[in-house]
Structures are given as C-alpha cells and as structure tokens.
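Here is a note for a colleague who is opening this structure for the first time. Please read it with the sequence and the model in view.

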Amino acid sequence: SITAGSPSLATTGIVADADHFAVLSYTGNATPGATIAHGLSAAPELIMHKERDNANGWIVGSTPVGFTKMLRLDQPDVAGPDAAAFNDVAPNSTLITLGNGNGTNRSGGKLICYAFRSVAGVCKVGSYVGNLDDNGPYISTGFKPAWIMIKSTTTARAWVVFDTSRDPINLSDHRLDPNSSAVEFNAALDLDILSDGFKF
C-alpha cells in the first residue's frame, strides 16, 4: 500500500529502484478530485491509465501537454481538453488527481496507472518542435536512450516507438505504433540514437 500524501483512494503498487517509474493499482469512485498516491520522490510527468475490467481506452496525461488535456494511447488523436480525466490538476509530489471520467476513475472500476518521471541517466520526459526537414531536430536526453516513444500533440498522427534492442546499430528505422495492431515496419522517420539523445 502507498499512503504518502493521504490519497482518497487506496493505492497499491511498486516503485522502480531508480525512482523513475511506478505501477499503481486502485479502484475508482467517479468523484472529481479523487486522488491516488504515486510513491515517487517527485511528481510524475507522464501517466497512463487503463481500466482493467471494462472495455475502455488508455488515458494519457503529461506535463508537456498539461493536465487540462489528455491523449489516448490507443488512438492517434490530438491532445484535447477533458476535465473528466485529471480534474484539470497536475500531479504533485505525492498524489495524482483524477476527474470523474470512466477512463481514470469509473465507479467500482479496477484501474492500473503507469507513472513516469525524469531521472538523470535513466528516464526523460519532454517535448520538442519538429522542422519538417531531413536534417531534423536534435533532442537531448542527457544519456543514451534505449526506448523512445513519440506522439504529435497537435496533429492526428500515430504514436511511434523506436528502441536499441531491435536496432542496435544506427539508424533506428524499425517502428512500432502502440495505437495500432500493425506489425513492425520500416519507418520513413529514421532516428539516429546518440550517446546523449537522438536526432531525426
């Protein structure tokens, strides 16, 4: 049980030793402003919620987008306002606030939440602006990333995932789309995965 911050919903879970990631389980109550504890030593910057016992999509909140909006991991949609997801409140140092939406807080719903925060040398959550050029932007992470997930927040484009296990030698061009059941394919969007970040 995770109790720091005195959450209004009983929260069980586990926190990674590096303090960058937590897996949280709770039962919803459909009450705006309900809270769960995340157990990390600072506020998470990316959270993904999934109702386990009902057919409902993945709800994603992030600091770059702001918690007055949400994304769906299973859809290529743009970020849109939805107070029912997070009650328009960003996570703080101990708690994640929920709205009354089914995807994050259905009454009686069994939900799981994956929470991430930036930790030097381990995990980086952030944003960048593209330039529509073959010589794309360089994104600094401060370490060599092993797994990279990207989503456009302003245009309806797929989530994309690259990693160094499938492409240990640059360029990384094998892509998976979390919002699709499609098989792995060679991406038109190639990444150069560097010792301190990545570049398109």
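1. The model is a predicted one. The protein has 200 residues, and 43% of them are buried. The C-alpha trace spans about 50 × 30 × 25 Å along its principal axes.

2. Surface and contacts. Taking contacts between residues at least 6 apart in sequence, 54% join residues at least 24 apart.

3. Secondary structure and the sheet. The protein contains two helices and 15 strands. Seven strands form an open sheet with antiparallel pairing, in the order β1-β2-β9-β4-β5-β6-β7. Which strands stand at its edges? They are β1 (12-15) and β7 (80-81). Each has a single partner strand, so one side of each is left without a neighbour in the sheet.

4. β4 and β5 run antiparallel and are joined by four bridges. Here L46 stands opposite S62 in β5. β5 then pairs with β6 (residues 69-72), again in the antiparallel sense, over two bridges, and I59 stands opposite R72 in β6. The hairpin of β5 and β6 has six residues between the strands, and G66 in it takes a positive phi near 95°. β6 and β7 also pair in the antiparallel sense over two bridges, with K69 opposite P81 in β7.

5. The largest nonpolar core. In soluble globular proteins, nonpolar side chains tend to be buried together. The largest nonpolar core in this model has 21 residues. L24, Y26, I36, I47, F86, I96 and C113 touch the most other members. The elements that give two or more residues to this core are β2, β3 (35-37), α1 (83-86), β8 (95-97) and β9. Another core, of eleven residues, lies apart from it and includes M48, V60, A79 and W159.

6. F86 as an example. What does F86 touch, leaving aside its neighbours within four places in sequence? The contacts are I47, H49, I59, V60, G61, F67, K69, M70, T97, L98, G99 and T104. I47 is, with F86, among the residues that touch the most other members of the largest core, while V60 belongs to the other core.

7. Aromatic pairs. A pair of aromatic rings is described by the distance of the centres and the angle of the planes. The model has six aromatic pairs. In one of them, F21 and Y114, the ring centres are 6.3 Å apart and the planes lie at 10°, so the pair is stacked. This pair links distant parts of the chain, as F21 is in strand β2 (residues 21-27) and Y114 in strand β9 (residues 110-116), 93 residues apart. F21 is partly exposed, with a relative accessible area of 23%, and Y114 is partly exposed at 25%.

8. A further pair at Y114. Why does the pair of W58 and Y114 count as stacked? The planes of the two rings are at 25° and their centres 6.0 Å apart, and planes under 30 degrees apart count as stacked. W58 lies in the loop between β4 (46-51) and β5 (59-62) and Y114 in strand β9, so this pair ties together parts that are 56 residues apart in sequence. W58 is partly exposed, with a relative accessible area of 25%. Ring pairs link F21, W58, Y114 and F116 into a cluster.

9. A loop residue. N29 lies in the loop between β2 and β3. Its relative accessibility is 30%, so N29 counts as partly exposed. N29 and N105 are 76 residues apart along the chain, yet their C-alpha atoms are separated by 6.0 Å. Not counting residues up to four places away in sequence, N29 touches L9, A34, N105, R106 and S107.

Note on methods: Residues are numbered from 1 along each chain as its sequence is written. This is a predicted model: local features need pLDDT of at least 70, side-chain atom pairs count only at pLDDT 80 or more; totals for chains, interfaces and linings use all residues. Side-chain values use heavy atoms; hydrogens and water are left out. Rings of Phe, Tyr and Trp (its six-membered ring) pair if their centres lie within 6.5 Å; planes under 30 degrees apart count as stacked, over 60 as edge-to-face and the rest as tilted. Buried means under 20% relative accessible area, exposed over 50%, partly exposed in between (1.4 Å probe, protein chains only). Two strands pair if DSSP finds at least two bridges between them. Contact means heavy atoms within 4.5 Å. A nonpolar core is a set of buried Ala, Val, Leu, Ile, Met, Phe, Trp, Tyr and Cys residues joined through side-chain atoms within 4.5 Å.
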